[in-house]
Structure formats: C-alpha cells, structure tokens
Amino acid sequence: MTELTSRAPTPSDAAPARNIGFYATWAAFILVVVLLPLIFRSGGSHTTFSLIGIAAIFALSYNILLGQTGLLSFGHAVYYGLGGFLAVHGMNAIAAHGLPVPLPFVPLIGGFAGLVFAVVIGWVSTQRAGTVFAMISLGIGELVASSSLILRSFFGGEAGITTNRTDLPALFGWNFGPQIQVYYLIGFWLIISAIAMYALTRTPLGRMCNAVRDNPERVQFIGYDPHVVRYLSFCFAGFFAGIAGALAAINFEIANAAYLGAVQSGIVLFATFIGGVSYFFGPILGAVVVTMLQLELSDVTTVWQLYFGIIFIGIVMYAPGGIASLLMMHRPLIRAGTLPMILPAYLVAIVPTILFACGVILTIEILAAYSQGNAASSTIRLFRIPFEAANPMTWLAAAVLTIGGFLVARMTWRGVTAAWDRAMMAARERGYHA
Amino acid sequence: MTNAIEMRAVEKSFGNVRIIQDLNLTVAKGERHAIIGPNGAGKSTTFNLISGHITPTSGEIDLNGERISGLRPFEINRRGLSRSFQVTNVFAKMTVWENIRCAVLWATGHRYAFWKNVDSLPEVRRRTAEILEDIHLTHRRDVPAGLLTYAEQRELEIGITIAGGASVIMLDEPTAGMSNTETDRAVALIRRLTEGRTLVIVEHDMSVVFGLADRISVLVYGNIIASGTPEEIRGNPKVKEAYLGEEEH
Ligand SMILES: Nc1ncnc2c1ncn2[C@@H]1O[C@H](COP(=O)(O)OP(=O)(O)OP(=O)(O)O)[C@@H](O)[C@H]1O
Ligand SMILES: [Mg+2]
C-alpha cells in the first residue's frame with residue numbers, strides 16, 4: 001500500500017522528472033554502438049553492424065508513420081531510395097568538383113532529398129489516413145520504382161549508379177575506405193537520428209501525432225487539422241528515411257532501383273512490426289532481427305523468405321506488440337521482483353518449443369527439397385546433425401517432432417500462462433501494475 | 001451586443017431526408033442554454049452543424065457575430081467554440097494526463113511546434129494539472145483513458161472540451177448513463193467550469209435542465225418549436241403537447 005501512495009503523483013511534481021533509468025538506457029545504447037565493433041573484430045561483423053545501423057534508422061523513421069501517427073505505408077522505400085540516389089549523385093559531384101565536403105555530411109544530402117520529396121508527395125497522400133493512405137503509398141511506390149527504370153540518366157537503369165566514397169576529402173585522417181570507419185559514420189548518424197526522432201515524440205507535434213493516430217476526429221475539435229499533423233509527420237519520416245538511404249549508398253557505394261522498390265518497403269514494415277511499434281526502441285530490435293535473418297538465413301536455406309513469412313505471421317498472431325512488447329510485459333514483474341516465479345515455467349516450455357520448431361524446419365526443408373527436385377541427393381543439416389531428405393526415417397522424425405512438439409509445447413505454455421498470472425497477481429499485491 | 005451563437009434558417013438533409021428544417025436559434029453571450037427534444041429530433045445534428053462536423057445544406061451560422069458555417073471544425077474551435085460528444089470520444093490509448101494536455105496545446109499557442117519539449121512547458125503543465133483537479137481525475141492521471149470507468153470517461157470528455165478555454169462550450173448529454181449521485185456531481189462540475197462562459201447543453205434529465213438553464217429551446221422534428229426561460233417553456237402548450245406531455249405519461 002505504501003508503494004501505491006508513494007507512486008501516486010501530485011500535480012506539483014507533474015513534470016515527469018527524467019529518472020536515472022532513462023539516461024542510463026541512452027548511455028547504454030551509445031556505449032553498445034561504440035564498443036560493438038571493438039568486441040567483434042572481424043570484417044564480416046563490421047559489415048553486419050553497418051547494415052543493422054542503416055536498417056535501424058530506416059525502421060525508426062518508418063515508425064514515425066506507423067507507430068506514432070498510425071499511418072501504414074507500403075512505399076516508404078521511395079524516400080530511402082531517393083535519398084540514396086541523391087547522395088550518390090552528390091558524392092560524385094563533390095569528387096568531380098573537388099568540393100570541400102567530407103563524407104560524414106553526405107547523409108544530410110540524402111535527408112534533404114527525402115524531405116523534399118516527402119514535402120511534395122505528402123500533401124496529397126496524407127489527406128486521409130487508413131486504407132486511402134496505404135493505397136496511395138503503394139501507388140506512389142510503384143510509380144517511382146518504375147520511373148527509376150525509365151529515367152536512366154538519373155537512376156542508371158538496371159545497373160544503378162556507382163560512386164567511390166574515398167574520393168571525398170578525408171576528415172581527421174579518415175578516408176572511410178575501411179569498413180570500420182564506415183561503421184562509425186553510420187553509428188554516429190544512428191545515435192544522432194535516434195535522439196532526434198525520440199525528441200520529436202516529446203514535442204507538441206509528436207504528442208498530436210499520437211492523438212491523430214488514436215482519434216483523428218476528436219483532434220479537429222481541439223484546434224488541430226489532422227491532415228497537417230499527418231503531413232508534418234510524413235515529412236520527418238521522409239527526412240530520416242533519406243538519411244538511412246544515403247548511408248546505404250555510402251556503405252555499398254552504389255544506388256540502384258532495388259533501393260526504392262516494394263521489397264525494400266516491405267522489409268522496413270517487417271522490421272518495424274516485428275520489433276514492435278508501440279515502443280520507441282522497438283524498430284531498433286526489429287532492425288537487428290530482420291537484418292540478421294536476412295544475412296544468416298539466406299546462407300543456410302534456399303527458402304529463407306518462407307521463414308520470414310512464418311515469423312511475421314507468428315508475430316502478428318501471437319505477439320502483435322512485437323518483441324518490444326514481449327520484453328516490456330515483464331517490466332512490472334522485474335520491478336516487483338516476481339520474475340523468478342515464471343522462469344521455471346519458461347525453462348520447461350522452451351524445450352518442446354524448440355523441438356516443435358525443429359520439426360517445422362525439417363518438414364519445410366523436406367518439402368523444399370522435393371519441390372526443387374533434388375530430394376534424393378540433399379542432406380538437411382540441423383544443428384550440424386545431417387538428415388537425408390529422402391529417408392523415411394527423416395520424415396518420421398519431422399512428423400514426431402512437429403506433432404509431438406506442438407502438443408507438449410501447448411501444454412507447457414498453459415503452464416507459463418498460469419505462472420504468469422500468479423506472478424502478475426503477486427506483483428499487483430506489491431503495488432506494481434502493468 | 002452580438003450573440004454567442006446565431007443560426008438563421010438552417011436546413012440539413014441527408015440524401016432526400018430533411019433532418020433539420022428552418023432552424024433558427026439564438027444563444028446570448030454568457031447564457032446557459034439547454035436544447036431539449038425527443039430522441040431523433042436532431043439535437044446532436046444541430047451540434048454537428050454548429051461545430052462544423054457537418055455543413056448545412058442551406059442557412060447561416062454565426063459565432064460571436066462572425067460567419068462560421070462552411071468552416072472546418074478546427075477553424076471553428078480556434079474561434080472559441082468547443083463541444084463534447086454524446087458518445088465518449090477521447091484518446092483511448094493515451095493517458096488521462098495526455099488527453100487533457102493535447103486539448104491544452106493549441107490554446108496555449110504551441111500549435112505544431114516540433115522544436116519544444118512538451119514536458120518543459122510550464123503553462124501547459126499548470127493548465128493540465130488545473131483541469132485534472134477540476135474534473136477530479138488527478139489520481140487517475142497515468143491511466144490510459146480507455147481503462148477509465150464510464151463516469152470517469154464522461155468527466156474526461158468534459159475536461160477535454162473545456163481545456164482549451166473556449167468561450168462557448170457545447171455539451172451533448174454529458175450526464176447520459178450516469179447514476180443519480182454521478183449526475184449531481186457532473187452538474188455541479190459543469191456549473192462551476194462554465195462560469196462566465198456561454199453554455200449550450202443537450203440533456204434528457206428534466207431536473208438537470210430546469211435547474212441549470214437560463215433559457216431552453218425545444219427541438220422537435222428538426223425544428224425549434226419554442227425558445228424561452230424555463231417558466232415560459234413549462235407553461236407553453238405546444239411544448240406540453242409535443243414533448244413534456246409525453247414524459248408525464
Ligand atoms: N449522418 C447521418 N446520415 C443520415 N441520417 C442521420 C445522420 N445523422 C443523423 N441522422 C438522422 O438524423 C436524425 C436526428 O439525429 P440526432 O442524432 O441529431 O438526434 P438527437 O436529437 O441527438 O437524438 P438523441 O436524443 O437520440 O441523441 C435521426 O433520425 C438520425 O437517424
Ligand atoms: Mg443526440
């Protein structure tokens with residue numbers, strides 16, 4: 001009870017005083033960005049981290065629309081791609097004319113490109129929210145993607161346009177040839193962009209974005225034009241998408257039609273949704289997961305897009321708040337110290353769940369091997385254990401793992417639900433609510 | 001002196017059904033004006049017309065002597081008119097505090113600002129805290145609006161409506177669905193919060209109407225059949241026949 005009363009704020013302390021946890025979280029985030037490449041020193045991991053950084057900025061910019069303003073866009077890659085193309089043209093111009101602009105400023109070119117196109121396109125497309133907005137974004141995405149193949153002088157056709165980032169003036173002796181230097185350039189912009197986008201959510205405009213998301217009708221009766229709120233939100237999203245696109249152009253030293261296509265627009269939706277739209281950091285988690293999946297899965301299986309789809313459907317159905325919500329659900333339990341009450345149930349559930357997942361993977365791989373007509377010769381490696389795709393014993397294993405795993409997993413997850421309720425109840429008794 | 005609201009010969013048709021016909025209504029500044037009438041008479045539609053939610057098919061509406069018919073709802077709101085909704089219409093996923101704060105932002109001049117931290121605007125914070133005190137929801141400030149009890153949501157609805165400091169407040173059945181004690185509390189609240197402002201209220205509870213209103217207009221089939229002080233309305237035979245009579249059966 002004392003907890004309850006001490007937590008009830010009085011109007012005088014109404015300013016949500018930023019607590020230590022808030023600053024600690026940001027400090028930890030910056031520390032991770034800075035230290036990660038020093039811990040994992042291989043060139044491959046530096047490439048991976050660079051891609052994650054780009055994807056994180058892109059997904060955060062997407063969440064300005066989806067999570068903050070409630071706008072579902074199927075064409076956000078337009079602003080990413082145009083940012084990338086303008087950055088490449090900018091870099092080539094800087095190199096050709098010997099302009100004194102070092103590489104770290106190039107993302108601003110991409111940002112302003114994204115902003116300008118959002119300013120032009122957004123006014124019409126944000127007139128309405130919901131289905132209308134989604135359809136317009138899809139249409140504009142197709143329009144820009146197809147014109148990128150027509151306007152060859154600007155977009156370079158199928159091949160795209162290349163550039164060389166080391167042709168730009170060096171900064172403090174960095175010429176950005178080595179991947180680690182590019183990584184730190186991306187990391188720098190990730191930190192700046194993340195702070196800026198977070199700050200945006202704490203402004204009057206950012207708060208009204210949430211209001212427009214929740215109830216655009218009522219917003220009109222407290223003095224705001226929801227169209228203007230959506231439009232401004234759209235412009236900011238375009239700006240940060242452009243920065244991400246420019247960073248991609250710097251990283252790959254090329255911009256091509258794939259940058260602004262539907263696949264790219266789909267991936268950012270994936271990443272943002274899987275990470276979780278209702279927490280600011282959700283899209284960052286999503287960017288990590290989706291980038292890793294893209295890189296790793298394509299190495300180990302030919303049908304990696306199928307797994308992508310399954311994961312996405314699984315999240316939509318069972319955890320619509322994404323990874324971030326799954327994690328944040330536990331916050332009251334951690335605060336109340338009742339988390340240990342559910343850990344045993346988790347440990348029990350995890351075993352059959354993994355077995356079930358293995359069964360599903362085996363089944364998919366067997367079917368893939370048969371549909372590709374090479375079942376007789378193909379071996380599926382699961383945790384380094386070889387399975388012959390054509391061997392009936394493998395089919396049996398797949399069936400047993402899938403069906404048995406599912407039945408047992410379902411039982412154990414009921415146990416998790418029960419343990420969850422007990423832990424939550426105990427947390428409430430100690431005065432901590434969700 | 002100009003009137004707060006003046007409606008002249010306003011008509012509204014949905015398709016070929018005329019819901020509002022030749023509606024004339026005058027609300028003086030500072031007056032508490034109740035609109036009563038049977039279900040489906042067009043009271044909420046009248047609110048929608050005045051607040052810009054829908055535009056009249058014909059006729060004129062003035063706010064403080066200025067033409068507002070044809071303006072968008074937010075333009076009318078910025079000119080000093082604020083309305084509540086018969087069906088609770090709040091920001092369900094946002095906290096009580098945020099609901100009120102959003103309603104304060106435009107009026108305190110912060111508009112679409114994206115360069116100010118909303119938490120460090122003292123005027124906004126002070127006004128939000130004041131309104132929360134007024135509507136007795138301070139202890140619920142961090143609760144998402146969708147999780148409030150029905151009566152609390154109705155109070156929040158009133159809070160959002162008055163938060164911007166509009167000079168003309170329109171409340172559409174603010175006490176509908178409340179228990180007697182809740183109604184008494186809400187009426188006291190409305191009386192206090194609209195002190196010195198113009199109030200237009202739609203209300204079915206006759207004790208509330210006759211206790212609160214300076215003037216009453218009776219709306220039947222989209223037309224005002226009588227408008228006057230509570231005594232005049234009570235004694236009006238047309239009203240007795242069309243409306244009050246029904247109630248007494
Ligand atoms: N958008 C609309 N389209 C078609 N008909 C409508 C529309 N809005 C209202 N109506 C009709 O107009 C009439 C008046 O509705 P209104 O909601 O104004 O009544 P009311 O006086 O507020 O009634 P109540 O006391 O039930 O709230 C009703 O018959 C309703 O069906
Ligand atoms: Mg009504």
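A:Ser193 is buried, with a relative accessible area of 1%. That value falls under the 20% cut-off, so A:Ser193 counts as buried. The model is predicted.

**A:Ser193 and its surroundings**
- A:Ser193 sits in helix α8 of chain A, which covers residues 179-201.
- Which residues does A:Ser193 contact, leaving aside neighbours within four places in sequence? They are A:Ile57, A:Phe240 and A:Ile243.

**Size of the interface**
- The size of an interface is often given as the accessible area lost when the parts come together.
- Chain B and chain A bury about 3,200 Å² between them.
- Carbon and sulfur atoms carry 60% of that buried area.
- B:Phe91, B:Tyr112 and B:Phe114 supply 20% of the area that chain B buries against chain A.
- Chain B gives 44 residues to the contact, and chain A gives 31 residues.

- How many salt bridges does the rule find across the interface of chain B and chain A? The rule finds three.
- B:Glu98 forms a salt bridge with A:Arg207. Their closest N and O atoms are 2.8 Å apart.
- The interface of chain B and chain A also has 19 residue pairs in polar contact, with both residues at pLDDT 80 or more.

**The side of chain B that touches chain A**
- Five elements of chain B each give two or more residues to this side: α2 (73-78), β6 (81-83), α3 (96-105), α4 (122-134) and α5 (150-163).
- Which element gives the largest share? It is α3(B), with six residues.
- By residue type, this side of chain B divides into 20 nonpolar, ten polar and 14 charged residues.

**The magnesium site**
- B:Ser44 (OG) and B:Gln86 (OE1) coordinate the magnesium ion (ligand 2), at 2.0 to 2.1 Å.
- B:Ser44 lies in helix α1 (residues 43-51) of chain B, and B:Gln86 lies in the loop between β6 and α3 of chain B. The pair therefore ties together parts that are 42 residues apart in sequence.
- Are these two residues buried, partly exposed or exposed? B:Ser44 is partly exposed, with a relative accessible area of 23%. B:Gln86 is partly exposed too, with a relative accessible area of 33%.
- Both values lie between the 20% and 50% cut-offs, so both residues count as partly exposed.

Terms used: Residues numbered from 1 in each chain as written. Chains lettered and ligands numbered in written order. Predicted model: local features only at pLDDT ≥ 70, side-chain atom pairs only at ≥ 80, totals over all residues. Heavy atoms only, no water. Contact = heavy atoms within 4.5 Å. Buried area = accessible area lost by both parts, 1.4 Å probe. Salt bridge = Lys/Arg side-chain N within 4 Å of Asp/Glu carboxyl O. Polar contact = N/O pair within 3.5 Å; in protein donor to acceptor, adjacent residues only side chain to side chain. Helix = DSSP H or I, 4+ residues; strand = E, 2+ residues; numbered from the N terminus. Nonpolar A, V, L, I, M, F, W, Y, C, P; charged D, E, K, R; others polar. Donors = N, O, S within 2.8 Å, 3.2 Å for Na, K, Ca; no water. Buried < 20%, exposed > 50% of the residue type's maximum accessible area, 1.4 Å probe, protein only.
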